[in-house]
Amino acid sequence: MPPGPRIPAMVQTLRMQSDPLGFLGSAMKQFGEIFSIKVMAVGDVVVITTPEMMEQVFTGPEDVVQGGAGQEMIEPAVGPHSIFLSDEEEHTRKRRIMLPPFHRQAVRRYAQEIDRVAERHIASWPKNEPLDMRSRAQDIAMEVIIRIIFGIRDDVRVAAIRDRLVALRKPMHAVIMMPALRRELGPLSPWSVYRRRRAAVDEIIYSEIAAFRAEPDPERDDFLATMVRARHSDGAALTDDEIRDQLMSMLFAGQETTALGMAWAIDLMAHHPDAMARARDDRDYLSAVIDETLRLRPPLFHVARRISRPMTVGGYELSAGTTVMVAILLVHRQPGLYPAPDEFRPERFLGERPPRFGYVPFAAGARRCLGMHLATMELTIVLERLLRTMEVTAVRAKPDDPRLFHITLVPRHGAQVRVRPRMPADQTV
C-alpha cells in the first residue's frame, strides 16, 4: 500500500467529511500523488490524483477494474438491478439499453420543457432576501428529471412523485451511510421510516410502469417508455423490478449532481460579478463558467473502483480487493494543468482544452456518466434564464466552502444569494 496518514479511520473519515479538500490536499502534499487513507466501513483506500493514473484506472480491463463491486451500500436506494451495482458484460448490456434517451441529439428535445420549469421556479423566488441556492436548485432539478424520466406533463402527478422522493431523501442518507441502522427497531426507527417511504415511492413508480404497459404510446420516447420497450439479448422484456431500479438510479443520479452544479455556478458568479456580466451576454463564456465550476466544485468529488486482480498503478502493485479512489477534486487542482488552480478563472476553458483525463467531472471510460449531455444542457438553460431575468448578488463575503454529503460536494451554508428582477435595457439609467 502507498503511505498515508496514520490517524484512526474514524478521525480520517470525519476530517474528509468536514473538509475534503483540506484533508486530501494535505495528504497529497505530505505523501505524494498516490497515497492511502482509511475510511470507515471500507478500510484501506488508495487515492490517485494525476491524469496518467486516472487513465490507467478508467481504461483498465472491466474484469479487473470494477465500478459496481463495493457499491453495496447504495443498494437500498437504487435496488439490486441498478446499473451502478453491475460490472463487465452485465454493465455493458444495461448501459446499451439505457443510453439512447441520453444521447446528445436526443436530449435537445427537452430544452423547452427545462426552460419552462426554470422560468416558473425562478419567477417564484422571494426577492431581495437570502436564498438557499442548494435547495432552490434541487427543486428545479427534481422537477426536470421527473418530467424527463417519466414523460409526465401533468403537474399533479409530477408533484406527487416529487413529494414522495423528497420525503425519502432524509432517512435514505442515514441508512446508506450507516448500514448498522438497517434493521427493525420500532416504527420510528430510520430503517422502518425509510422502508415505508420507499414503498410509497415504489407504489407510484410501479403504477406509471403499469399504465404504459396497458396503453403503450408509440409517440413517447422518455426513459420509462424506452425501458418498457427494451429487450434482453434473448428477446425477453425487462421486468417491472428491473425497470424500477433503473428509474430510481436515474432519478437520484440525475437530480443531486445537476442541482449542485447549478448552486455552485450561481454562488461563484455572484462572487465574480464581471464573470457573471460576461456570461449573460456570451454563451461561449457561460459554457466556460460551467466548465470552471465543475472543475473547482465537481459535484462528485471522487469515483471508486475495486481491483479484482493485481494491477500496477503509480508504481505500486495493488493487490486484488483494493479500493481505488479516483480523486477528481485533486486532479482538477493540479497546478501543472491549471495555473492558480484555486482561483475561479472561466477564461482557462476558452482556449486549449485540458488533457482528456485532466478534466473528468463526469468520470471517464466505460462508466462515464450517462446523463452528461442532459446535465450540461440543463445547467446552460437554467443559468441563461436566471441571468436574463434576475440580478444576483452574494450574501457571504466569500464563495461557500464545500463539505461532503454521501460522495457529493455540497455548499456548507447552502450557497446563499439574493435576487431581484432585472430592469429592461431601455429602462436602465
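Buried means under 20% relative accessible area, exposed over 50%, and partly exposed in between (1.4 Å probe, protein chains only). The model shown is predicted, with local features requiring pLDDT of at least 70 and side-chain atom pairs pLDDT 80 or more, while totals for chains, interfaces and linings use all residues. Residues are numbered from 1 along each chain as its sequence is written, and side-chain values use heavy atoms, without hydrogens or water.

**View 1**
Strand β1 covers residues 34-39 and strand β2 residues 43-48; strands (E, at least two residues) and helices (H or I, at least four) are DSSP runs numbered from the N terminus. The two strands run antiparallel and share six bridges, where pairing requires at least two DSSP bridges. Across the pair, Lys 38 faces Asp 44 of β2. Three residues separate the strands, and in this hairpin Ala 41 has a positive phi near 70 degrees. β1 is mostly covered, five of its six residues being buried.

**View 1. Two alanines with positive phi.**
Most residues other than glycine have a negative phi. Ala 363 has a phi near 65 degrees, a positive value, and sits in the loop between α15 (328-331) and α16. The relative accessible area of Ala 363 is 11%, so this residue counts as buried. Ala 415 also takes a positive phi, near 55 degrees. Ala 415 is buried, at 0% relative accessibility.

**View 2. The second largest pocket.**
A pocket is an open set of points on a 1 Å grid over the protein atoms alone, with protein on both sides within 12 Å along at least five of seven lines; a cavity is a set where a 1.4 Å probe fits but cannot get out, and lining residues have an atom within 4 Å of a point. A volume is the space filled by probe spheres set on the points, which are joined across faces, edges and corners. For the second largest pocket this volume is about 780 Å³. Its lining has 28 residues, and those nearest the centre are Arg 104, Asp 291, Met 372, His 373 and Thr 376. Helices α6 (104-107), α14 (283-296) and α16 (372-389) each contribute at least two lining residues, with α14 giving the most, seven. The lining of this pocket divides into 15 nonpolar, five polar and eight charged residues; Ala, Val, Leu, Ile, Met, Phe, Trp, Tyr, Cys and Pro count as nonpolar, Asp, Glu, Lys and Arg as charged, and the others, Gly among them, as polar.

**View 3. The largest cavity.**
Two cavities of 30 Å³ or more are found in the structure. The largest cavity has a volume of about 70 Å³. Arg 93, Lys 94, Ile 97, Met 98, Met 227, His 232, Leu 238, Glu 242 and Gln 246 form its lining. Helices α5 (88-98) and α12 (240-270) each supply at least two of the lining residues; the largest share, four residues, belongs to α5. By class, the lining of the largest cavity holds four nonpolar, two polar and three charged residues.

**View 4. The second largest cavity.**
Two or more of the lining residues come from each of α8 (133-150), α12 and α16, and α8 gives the most, four. Eight residues of the lining are nonpolar, none is polar and one is charged.

The 18 residues of α8 reach 26 Å from first to last C-alpha, close to the 26 Å expected at 1.5 Å a residue; the expected span is 1.5 Å times one less than the number of residues. At the start of α8, a side-chain oxygen of Asp 132 comes within 3.1 Å of the backbone nitrogen of Arg 134. Gly 151, with a positive phi near 65 degrees, follows α8. In α8, 15 of the 18 residues are buried, so the helix is largely enclosed by the rest of the structure. The end C-alpha atoms of α16 are 26 Å apart, in agreement with the 26 Å that its 18 residues should span. α16 is likewise largely enclosed by the rest of the structure, because 14 of its 18 residues are buried.

Technical notes. Polar contact = N/O pair within 3.5 Å; in protein donor to acceptor, adjacent residues only side chain to side chain.
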